[in-house]
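Subject: Handing over the two-chain model

Hello,

I am passing on the structure we talked about, and below it you will find what came out of going through it. Please keep it open beside this email while you read.

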Amino acid sequence: MVTQRLLPSAAPLQLIDPDGRPGQNPGGLTFPEPDVLISLHRGMVLGRRFDTQATVLAKQGRLAVYPSSRGQDACQVGAALALRGQDWLFPTYRDSVAILTRGVDAAETLALLRGDWHCGYDPYERRVAPQCTPLATNTLHAVGLAHAATLQAKDQVALVLLGDGATSEGDAHEALNFAALWKAPVVFLVQNNGYAISVPLAKQSAAPTLAAKGIGYGIPPLLIDGNDAAAVYAAVAAGVERAATGGGPTLIEAITYRVEAHTNADDATRYRTDDEVRGWLDRDPIARLEAYLRAERLLDDEAASRLAAEAEQLAADVRDRMSTEASADPAELFEHVYARPTAALERQRATLLAELEELEESAP
Amino acid sequence: MTTVMIPPAGDTARQVPAPVTMAAALNQALADSLAADDRVVVFGEDVGALGGVFRITDGLAGKFGEHRVFDTPIAESGIVGTAIGMAMNGLVPVVEMQFDAFAYPAFEQVTSHLAKLRNRTRGRVALPVVIRVPFGGGIGGVEHHSDSSEAYYTHTPGLRVVTPGTPADAYLLLREAIRCPDPVIFLEPKRRYWSKETAVLTPDGPPIDRAVVRRTGRDVTLIAYGGMVATALEAAEAAAEEDWDVEVIDLRSLSPFDDQTLTESVSRTGRAVIVHEAAGFAGYGAEVAARLTEQCFHYLEAPILRVTGFDIPYPPPRLEQYHLPNTDRILDAIARLQWEDEGA
């Protein structure tokens, strides 16, 4: 039965449990090699420190806003590390850590949220699309890019990140449908963190799980523990492998939790309890993997403190670079609207520059 | 679709003028673009085996294969959204929206992504996407089949919006749009799909952002685009009988706007009338009138007038004739241009 084959597991697949022991429900996931586990741990420790630093910078007003991914560290890092160099990542505004893990410079990653420009990095350099602020629109871009790879016989997979709330958008539906029809080499990773700002998943969807939605499109889904970095890595890697070998798209739902509020401007106490948050802190993705690595003697105190120092260095670097004044050039406002500025835009630029010159002259 | 002589591809064959409809000219432009550039792909609803509901893509899937010309699910946002991703990865997508009002589901992809991605990425990501939209009324279409949606797009920086008024220009403009590094909304005046012109189809001509003087005149500048170009030319002929020498400008490019050609003409004639099917309120003509007033005020002999559709939802087929601008309304507007003041 086709439908039977498309059924996701009843419980989330897990390779390492919250106490750091081998998971009870590995499904068909391949347990990552030790060097991968060490990279996942390193990525999460660095990512967490970056995220904490960015949250502080937002509270200090040095960033315009920061949507934290604390708690979703395993999804961020597991997903980014499972991609090959030639693959593409399509992130949202909450996926700064995934972008950083992909190798994009920290300050360039934060350009959008600092307000320097809408996207601070060159998407073609690390094959990372601009962070997408509208919901689920990036799913279609990923499907289009992936299908273009097929049409041009390029070995390339697109991974698109979206949240539980974004699955309600029409574009998510259209993207899943197009991807399945075209057998596009694309992986959809839904980070189900429980809330769309304040609205819980129960008010978002009546589906048994979000993974189950794959059945309707003819897309094989995976339901995984999104706080288990090994499981996220294994699931995304399996999706990439399937896509790259002509098997078409995969829909992954990763169950996780947004520990911080939606952004620094949000008050999460209005819609969820402290008890609920504490329960999830006990399922911390980093502590879990660290416990496993120590038990397996893949991590010791010395390596851990070296890593902590590296994380502090990253945070200091981010602090320094975010503390210098941005050098935004008003003339650039007119540069990238069209391939060449129109005559009207040239006139508007001249007007603005004259205005600024006048201000400068009249300054005491 | 009317069968017409289409000059076969190849420059020598095109040296001989032949009668061609706008629909056939558009078809030829797509075929020649597909042949000229491997990166071009054509997709949308019913564009494959059927050749599109207006047959603009007739025969293309057979000629170029289903990997170059293909049908999609009925999902306009999906069509534009995937076109964006394809353009990011080296292709030049030319997509069809089946009708003007059926393009609205794609609005977010058009305005938030297609128009902005170059800007968002400081020029690093170019999106050479063409969205073909049959637009406007005059064909007796039932509701949602006759909208003039140009102002939604022209109000969005980052988009080019063009519309041809003649078959030969339909060919040229579409070739130019497909070669353009910017995203282009290509509005096809569906009431003129079957109008014929004896012409040579050539990819060389005025650049994509230039307006063209279709008829020279001394007394008044009549400004039109798309389906209204032919109406304006008819009105100019009728006005000649009343001794008004009317210049007709076909805008071609609604965005960007060709200030130079327009101000040159209006400064010379001192009078201007703008014609469009769309509702007048906050319509495209308001922008034209404002620009020309700002730039030609001291040359103007009369207020700039607009002849537009009423400020109503597009009417049912039996009533559309009362809504659409026609020769009489254009002549009435010309008559109201304060001729009695001349020489006063």
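Predicted model: local features only at pLDDT ≥ 70, side-chain atom pairs only at ≥ 80, totals over all residues.

I begin with chain A, where five strands form an open sheet in the order S1-S2-S3-S7-S6, with parallel pairing. At its edges are strand S1 (88-90) and strand S6 (221-225) of chain A, each of which pairs on one side only. Neighbouring strands of this sheet are turned against each other by 20 degrees on average, if direction is ignored. As an example of the pairing, strand S2 (residues 158-163) and strand S3 (residues 186-192) of chain A run in the parallel sense and share six bridges, and in S3(A) the bridge partner of Gly163(A) is Gln191(A).

Two helices of chain A can be described against this sheet. Helix H3 (residues 73-81) of chain A lies across S1, S2, S3 and strand S7 (250-255) of chain A, and runs at about 170 degrees to S3(A). Helix H11 (residues 229-244) of chain A also packs on the sheet, where it touches S2, S3, S6 and S7 of chain A, and its direction makes about 175 degrees with that of S7(A).

The domain assignment divides chain A into domain 1 (2-323) and domain 2 (330-362), and the centres of domain 1 and domain 2 of chain A, taken over C-alpha atoms, are separated by 40 Å.

Next comes the place where the chains meet. Which helix of chain A gives the most to the side that touches chain B? The contact takes 35 residues from chain A and 35 residues from chain B. On the side of chain A that touches chain B, helix H7 (123-126), helix H8 (137-151), helix H9 (170-182) and helix H15 (343-362) of chain A each supply at least two residues. H8(A) gives the most, with eleven residues. By type, the residues on this side of chain A divide into 21 nonpolar, ten polar and four charged.

One residue of chain B that reaches across to chain A is Leu91(B): leaving aside its neighbours within four places in sequence, Leu91(B) is in contact with Ala148(A), Leu151(A), Arg39(B), Val41(B) and Met86(B). Leu91(B) lies in the loop between helix H3 (76-88) and strand S4 (92-96) of chain B. Leu91(B) counts as buried because it has 24 C-beta neighbours inside 10 Å, the cut-off for buried being 20 or more.

Chain B has an open sheet of five strands in the order S9-S11-S10-S13-S14, and here the pairing is mixed. The edge strands are strand S9 (212-215) and strand S14 (305-309) of chain B, each pairing on one side only, and the twist averages 25 degrees from one strand to the next. S9(B) and strand S11 (residues 246-250) of chain B pair in the antiparallel sense over three bridges, and Arg215(B) has Val248(B) in S11(B) as its bridge partner. Helix H8 (residues 228-240) of chain B packs on the sheet and touches S9, strand S10 (220-224), S11 and strand S13 (272-279) of chain B, its direction making about 155 degrees with that of S10(B).

Is S13(B) largely enclosed or largely open? Seven of the eight residues of S13(B) are buried, so this strand is largely enclosed by the rest of the structure. S13(B) pairs with S10(B) in the parallel sense over three bridges, and with S14(B), again in the parallel sense, over five bridges. Val273(B) takes part in both pairings, as the bridge partner of Leu222(B) and with Leu305(B) in S14(B) as its own partner. Together with helix H10 (residues 284-296) of chain B, S13(B) and S14(B) make a right-handed β-α-β unit.

Finally, some backbone details in chain B deserve a look. The peptide bond from Ser255(B) to Pro256(B) is cis, with omega near -5 degrees, and Pro256(B) lies in the loop between strand S12 (253-255) and helix H9 (259-269) of chain B. Asp243(B), in the loop between H8 and S11 of chain B, has a positive phi of about 70 degrees although it is not a glycine. With 7 C-beta neighbours inside 10 Å, Asp243(B) counts as exposed.

Best wishes

Definitions and conventions:
Residues numbered from 1 in each chain as written. Chains lettered and ligands numbered in written order. Pairing = 2+ DSSP bridges. Helix = DSSP H or I, 4+ residues; strand = E, 2+ residues; numbered from the N terminus. Axes fitted to C-alpha atoms, helices over the stretch in contact; angles between N-to-C directions. Contact = placed C-beta atoms within 7 Å. Nonpolar A, V, L, I, M, F, W, Y, C, P; charged D, E, K, R; others polar. Domains from an automatic or database assignment. Buried ≥ 20, exposed ≤ 12 C-beta atoms within 10 Å, placed from the backbone. Right-handed = clockwise from strand over helix to strand, strands pointing away.
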